[in-house]
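Work through the exercises below with the sequence and the model at hand. Each task is followed by a solution in steps.

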Amino acid sequence: MGRTFWRAFIHRVAISWRQHDGFNCPAYSGTATIYFIKFFPNYFMYFLEGPLLDGLYWNTWYSENSTSIHKNSSHIYYENLLLGVPQIRQLKIRNNTCSIYPSFRAFMKGCYGQYHYINEDKKSFGFMNDTEWHYSTSKAFSPWHWGLIGLYSSGGFMFTLPKSKEKSSEKLAYLKRNNWITRGTRVVFIDFSMYNANVNLFCIVRLVVEFPATGGVIPSWQFHSVKLFRYVKYYDYFLASCEVIFCLFIFTFIIQELIKMKKLKKDYFRDAWNWLDMLLLMLSVFAISFNVYRTVEVSSLMENLLSDSDAYPDIYFLAFWQTRYNNMISVTVFFAWIKIFKYISFNKTMTQLSSTLSRCTKDIIGFAIMFFIIFFAYAQLGYLVFGSQVDEFSAFQNCIFTQFRIVLGDFNFASIEHANRILGPIYFITFVFFVFFVLLVSSV
């Protein structure tokens with residue numbers, strides 16, 4: 001269940017979205033974001049009522065026969081069981097959260113600024129007869145969402161779609177008639193989860209639609225393909241035995257380090273390798289703890305899902321922390337490989353790298369200071385000159401990464417020249433000259 005497979009679902013939804021009359025947008029691309037230039041709330045509701053429902057509810061085979069023996073169950077792409085029901089959530093901000101210039105106050109009755117948690121509107125609105133009209137808080141471990149233009153809280157005005165496509169369409173039509181999307185809406189989340197038994201993988205999907213204060217919409221999406229059922233095949237049980245052995249090694253390693261710490265006392269903390277050992281121990285203990293927590297939490301989630309199939313299974317927070325856990329494991333493995341230097345330091349040949357770096361430390365620091373003075377000067381120049389027109393220079397940190405790409409030969413000179421026909425070529429030529437021919441060549 002690779003990433004390409006899941007992009008196919010978005011491709012189907014995106015193409016359907018593009019084909020709506022009057023929707024002015026560029027061609028679909030495989031990147032993580034599609035920017036729509038012309039947008040009104042009714043177009044977004046069209047997407048919910050049309051392409052989204054078509055993509056979520058696969059109830060019949062191509063021959064019009066049912067795809068499942070269970071009533072009102074959907075198998076997306078005929079192989080991926082839709083778990084529970086999808087959830088739609090929005091976050092709003094209050095009116096008058098920005099300042100209007102006095103001369104224009106007579107023309108504008110309201111002002112809705114950018115999203116910020118402090119400006120969040122939590123008051124009930126509309127008919128106030130169901131959850132979509134009342135603000136709901138989230139569970140304690142639910143992570144905030146870092147979008148393309150903001151950081152969003154985990155609460156909001158939320159509701160779930162029914163199991164059948166017909167009732168879901170009626171629900172969305174009801175919300176459209178009663179203006180569930182308002183001027184204060186800043187983001188809408190569409191969350192659902194799937195399980196593919198063929199490969200024993202869960203896919204937790206989040207479709208995000210951000211409403212910037214400038215107008216329009218910026219859609220994006222997240223996919224978390226994770227293996228939550230750890231022990232299914234015989235090979236999985238072999239991995240379980242390896243995990244038990246790993247736990248025994250970590251327990252023994254902790255005892256050895258405690259004995260060593262008690263023996264050396266303060267001298268123990270003067271060795272950099274000991275600090276690396278403590279870091280590896282802490283990461284390993286956290287990994288073991290998370291494994292236990294994940295197993296217990298998945299069992300609880302599955303029990304709740306089986307007892308109430310009409311509820312939304314909140315697996316997103318578990319998938320979010322699973323990806324962070326994978327990142328932590330990668331860092332742990334990296335430092336474990338670095339630790340090999342500790343055990344081969346007795347060999348003079350193996351210590352050439354560390355001895356060379358220690359002898360030229362002063363020269364490296366001096367060169368780095370000169371390099372980054374010029375580097376950051378050009379980054380600031382690029383941000384001020386091209387920031388409003390070239391995406392690679394839209395933020396100062398983007399300028400830094402863009403210039404590193406120029407150093408490696410990956411650049412788009414045409415966009416720089418198009419943004420400023422005079423300063424663009426001057427910036428590029430002088431940057432390449434100073435970085436390549438003055439700094440890098442002189443350092444050699």
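Axes are lines fitted to C-alpha atoms, for helices over the stretch in contact, and angles run from 0 to 180 degrees between N-to-C directions. This is a predicted model, in which local features need pLDDT of at least 70 and side-chain atom pairs count only at pLDDT 80 or more, while totals for chains, interfaces and linings use all residues. Residues are numbered from 1 along each chain as its sequence is written, and side-chain values use heavy atoms, without hydrogens and water.

**Exercise 1.** Describe how helix α9 and helix α10 pack.

Step 1. Helix α9 covers residues 361-386 and helix α10 covers residues 396-407; helices are DSSP runs of H or I with at least four residues, strands are runs of E with at least two, and both are numbered from the N terminus.
Step 2. The angle between α9 and α10 is about 120 degrees, and their axes lie 9 Å apart.
Step 3. α9 is therefore oblique to α10. The classes are: under 35 degrees roughly parallel, over 145 roughly antiparallel, 65 to 115 roughly perpendicular, the rest oblique.
Step 4. The crossing of α9 and α10 is right-handed; this means that the near helix is turned clockwise from the far one by less than a right angle, whereas anticlockwise gives left-handed.

**Exercise 2.** N179 and N200 each have a positive phi. Is each of them buried or exposed?

Step 1. Phi is about 55 degrees in N179 and near 55 degrees in N200; neither residue is a glycine.
Step 2. N179 sits in the loop between α3 (165-177) and β6 (185-196), and N200 in the loop between β6 and β7 (201-210).
Step 3. Buried means under 20% relative accessible area, exposed over 50%, and partly exposed in between (1.4 Å probe, protein chains only).
Step 4. N179, at 52%, is exposed, whereas N200, at 7%, is buried.
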